[in-house]
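Trainee: I'd like to learn how to read a model like this one. Could we go through it feature by feature?

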Amino acid sequence: MAQYSSILGTGACLPRRAVSNQELTDFLAAQGVETSADWIETRTGIKQRYFCDPDETNTTLASAAALQALKIAGRKAEQVDLIVLATSTPDQIFPSTACLVQAGIGAHHAVAFDVQAVCSGFVYALTVADAMMRAGQANNALVIGSDVFSRLMDWQDRTTCVLFGDGAGAVYLEKSTEPGILGCRLHSDGRLGHILNAKGRMEGGKIQGDPFLRMDGQSVFRQAVSVLGESALALFQSLDFQLGELDFLVPHQANVRILQAVAKKLKLSEDRVVVTVDQHGNTSAASVPLALNHALEQKLIKKGDNVLLQGVGGGFTWGSVLVRM
Ligand code: UT7
């Protein structure tokens, strides 16, 4: 009896262009914005990020990540039942980026839709796909996190524009009798929408309102550390899972200091926390699947490991998924 959604393959795609802190600092200095490579690295752990060139889009990144996940799993796009794609930077208002990816990779039999939960998007999408598979609506799924946050940056705002990057990550799930996703826990609090948002909207052929990402960094920081610890412990309790059984934490990659604080709450040594924020910056919905893919490629995470995936971001939204690889 199939009871679990198991991850059979992961994939990643980063834009071609890596931008170091020094390159970004030089670019910002030319616009009259003062920062330093040292400030960025010391306060966030970020050393570089990737930015899309004009020929690279959310859809091209997401499609490449999805195809890689299918290849690792040894499956074909025509066999995919479900595509759930998390993004807050879709290429178009509609069709959804999931449908654009569906057409691009030839997954013509799939049901495809987007989920919007900003930096928590991937854990939301994974939870939705797992629930649909358990409910018998799909035997397999591609779950993708893909964002192009460089589009939302105000290059005059040094408190945000040094933090984000572009990228996509994907996992391919299939029903299995072997564990799999052990449990999911999602949370939202719309009262905190003001601490992280991008308020602009299309109307009358123009963008109305502020088109840039705005963030109260300190509030987001404090909130992230507090809710991620609580969410993990609540999920573990509901599954009767002991802290000591956890092998790896793959958290949303926003700031290495947040990752360290959450690891401390979970009594995890730093070598059990997957860190890619130094290389990718904050890639929003892509950060968790990019980090998971990296840890599997590096053979840091192995088959049988218990891994906690965690997202947190605008909404305010957060969540945890516990998975046995
Ligand atoms: O993906 C969604 C989740 N997002 C996050 O989790 C982000 C959470 N927040 C953070 O990671 C941190 O709050 C930041 C990295 C955004 C900021 O770090 P911080 O340690 O909280 O710095 P701060 O906001 O307290 O600013 C310290 C100083 C300020 O100057 P004064 O007031 O002390 O003179 C800022 O103006 O650093 C200044 N500052 C900068 N200086 C150089 C802010 N941004 C910069 C910058 N370069 N880019």
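Mentor: Helices (H or I, at least four residues) and strands (E, at least two) are DSSP runs, numbered from the N terminus. This is a predicted model, where local features need pLDDT of at least 70 and side-chain atom pairs count only at pLDDT 80 or more, while totals for chains, interfaces and linings use all residues. Residues are numbered from 1 along each chain as its sequence is written, and side-chain values use heavy atoms, leaving out hydrogens and water.

Trainee: Which other residues have a positive phi?

Mentor: Asp240 is one, with phi near 55°, a positive value in a residue other than glycine. Asp240 sits in the loop between helix 7 and strand 13 (248-251), and a relative accessible area of 62% makes it exposed. Then there's Lys267, a non-glycine residue with a positive phi near 55°. Lys267 belongs to the loop between helix 8 and helix 9 (277-280), and it is exposed at 70% relative accessible area.

Trainee: And cis peptide bonds, where do I look for those?

Mentor: Check omega. The bond from Phe94 to Pro95 is cis, its omega being near 0°, and Pro95 is in the loop between strand 4 (82-86) and helix 4 (97-105). Another cis bond runs from Gly315 to Phe316, with omega near 0°. Phe316 is placed in the loop between strand 14 (306-313) and strand 15 (317-324).

Trainee: How many disulfides does a search of the whole structure find?

Mentor: A disulfide is a pair of cysteine sulfur atoms within 2.5 Å. Searching the whole structure turns up zero disulfides. Take Cys13: it is in no disulfide, and the nearest cysteine sulfur, in Cys52, is 8.2 Å away. Cys13 is buried, since its relative accessibility is 17%.

Trainee: Next, helix packing. At what angle do helix 7 and helix 8 pack?

Mentor: Axes are lines fitted to C-alpha atoms, for helices over the stretch in contact, and angles run from 0 to 180 degrees between N-to-C directions. Helix 7 (residues 217-239) packs on helix 8 (residues 256-265) at about 30°, and the axes are 9 Å apart. That makes the two helices roughly parallel, as angles under 35 degrees count that way, over 145 as roughly antiparallel, 65 to 115 as roughly perpendicular and the rest as oblique. Contact means heavy atoms within 4.5 Å. Helix 7 contributes Phe221, Ala224, Val225, Ser226, Leu228 and Gly229 to the contact, and helix 8 contributes Arg257, Ile258, Ala261, Val262 and Lys265.

Trainee: Now single residues. Which residues does Leu28 touch?

Mentor: Skipping residues up to four places away in sequence, Leu28 touches Val33, Thr35, Trp155, Cys161 and Val162. Leu28 is in helix 1 (residues 21-30), and it is buried at 0% relative accessibility. Leu28 and Cys161 are 133 residues apart in sequence, yet their C-alpha atoms are 9.3 Å apart in space.

Trainee: Is Gln102 buried or exposed?

Mentor: Gln102, a residue of helix 4, is buried, with a relative accessible area of 14%. Setting aside neighbours within four places in sequence, Gln102 contacts Ile83, Ala107, His108, His109, Ala110 and Ala112.

Trainee: Where is Phe212 found?

Mentor: Phe212 is in the loop between strand 11 (206-208) and strand 12 (214-215). At 27% relative accessible area, Phe212 is partly exposed. Among the residues it touches, not counting those up to four places away in sequence, are Leu152, Met153 and Asn197.

Terms used. Buried means under 20% relative accessible area, exposed over 50%, partly exposed in between (1.4 Å probe, protein chains only).
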